[in-house]
Amino acid sequence: MSRLALVAGTGRLPLELTQALTEPPLICALEGNTPEGLEVDVRFSLSRLVPFLRHLGDQGVESVALVGAMNRPRLDPEHFDRDTASLMPDLMTALQQGDDGALRWLMALLEEFDFTLKGVAELAPALLAAEGVLTARAPNHAEQADAARGTEILAALDPQDVGQGCVVAARLCLAVEALYGTDIMLEHVASARDQREPTAGGVLVKRAKRGQDLRADIPAIGPDTIEALRAARLTGVCLQAAHTLILDRSRTLAAAEAAGLTIWATP
């Protein structure tokens with residue numbers, strides 16, 4: 001049987017994926033990244049990436065999954081081995097193309113080393129949001145209209161590699177997710193509403209970018225998202241079915257129910 005190496009980043013997803021697998025993977029972590037609740041088998045540095053990949057082959061690894069948010073380490077040329085140093089010009093070019101560019105470069109490199117890339121959707125499809133209403137309360141007409149508008153906005157931003165989410169209220173865009181992620185976006189909405197807008201309403205829309213390779217990067221919400229939604233006085237979340245994750249599902253949905261939020265997924 002093919003051995004799976006899980007390159008685990010931060011957040012809860014690596015743990016949930018590991019729990020969903022029938023065979024324990026080899027847990028690997030890039031320096032500066034600490035997977036939640038997991039004991040790391042192999043730690044590696046970007047400056048010695050090629051030796052790390054060769055080590056995986058020596059351990060019988062045939063498949064690799066890149067899971068969780070990765071904190072970029074500082075690059076120190078003095079610590080690079082010769083083979084890894086030869087890759088740096090291409091990596092630096094990829095980094096200039098944003099997170100998607102860096103991920104595409106890394107995935108291509110893994111395939112050059114004859115590893116098969118696996119994603120959460122393939123390894124644990126039950127973690128993905130299924131189409132339909134996921135809470136007791138279904139979205140009302142205004143929330144559905146806001147979600148439709150948010151979907152249009154994200155589709156227009158797809159070519160720019162900006163983010164995977166936006167906030168819309170009364171069909172007006174309040175915020176768009178950028179490099180710092182969903183939680184920071186929601187904090188900004190909460191702060192602005194405290195100062196300018198006393199009323200509640202609006203939805204968070206989370207979708208994968210068109211052509212996004214879900215093997216390495218997949219949009220997600222979790223319990224912290226629900227708390228941030230409450231602070232921002234939003235009333236719903238619209239996810240993309242089969243393209244988004246709900247972390248700590250039972251706790252997330254229970255928190256949404258307690259807050260009177262609606263969560264649903266559309267194609």
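Which residue in β4 is the bridge partner of Leu 6? The bridge partner of Leu 6 in β4 is Ala 65.

## Basis of the model

This is a predicted model, in which local features need pLDDT of at least 70 and side-chain atom pairs count only at pLDDT 80 or more, while totals for chains, interfaces and linings use all residues. Residues are numbered from 1 along each chain as its sequence is written, and side-chain values use heavy atoms, with hydrogens and water left out.

## Overall dimensions and surface

The protein chain contains 10 helices and 13 strands; these are DSSP runs numbered from the N terminus, with helices being H or I of at least four residues and strands E of at least two. Along the principal axes, the C-alpha atoms fill a box of roughly 60 × 40 × 25 Å.

Of the 267 residues, 48% are buried (buried means under 20% relative accessible area, exposed over 50%, partly exposed in between, with a 1.4 Å probe and protein chains only).

## Strands β1, β2 and β4

Strand β1 (residues 3-8) pairs with β2 in the parallel sense over three bridges, and six bridges join β1 to β4, also in parallel. Two strands pair if DSSP finds at least two bridges between them. Towards β2, Ala 5 stands opposite Leu 26 and Leu 6 stands opposite Ile 27.

Five of the six residues of β1 are buried. In β2 (residues 26-30), five of five are buried. In a regular strand the side chains alternate between the two faces of the sheet. Both faces of β2 are covered, with Leu 26, Cys 28 and Leu 30 on one side and Ile 27 and Ala 29 on the other.

## Surroundings of Ser 63

Ser 63 is found in strand β4 (residues 61-67) and is buried, with a relative accessible area of 7%. Leaving aside residues up to four places away in sequence, Ser 63 touches Ser 2, Arg 3, Leu 4, Ala 5, Thr 116 and Lys 118, where contact means heavy atoms within 4.5 Å.
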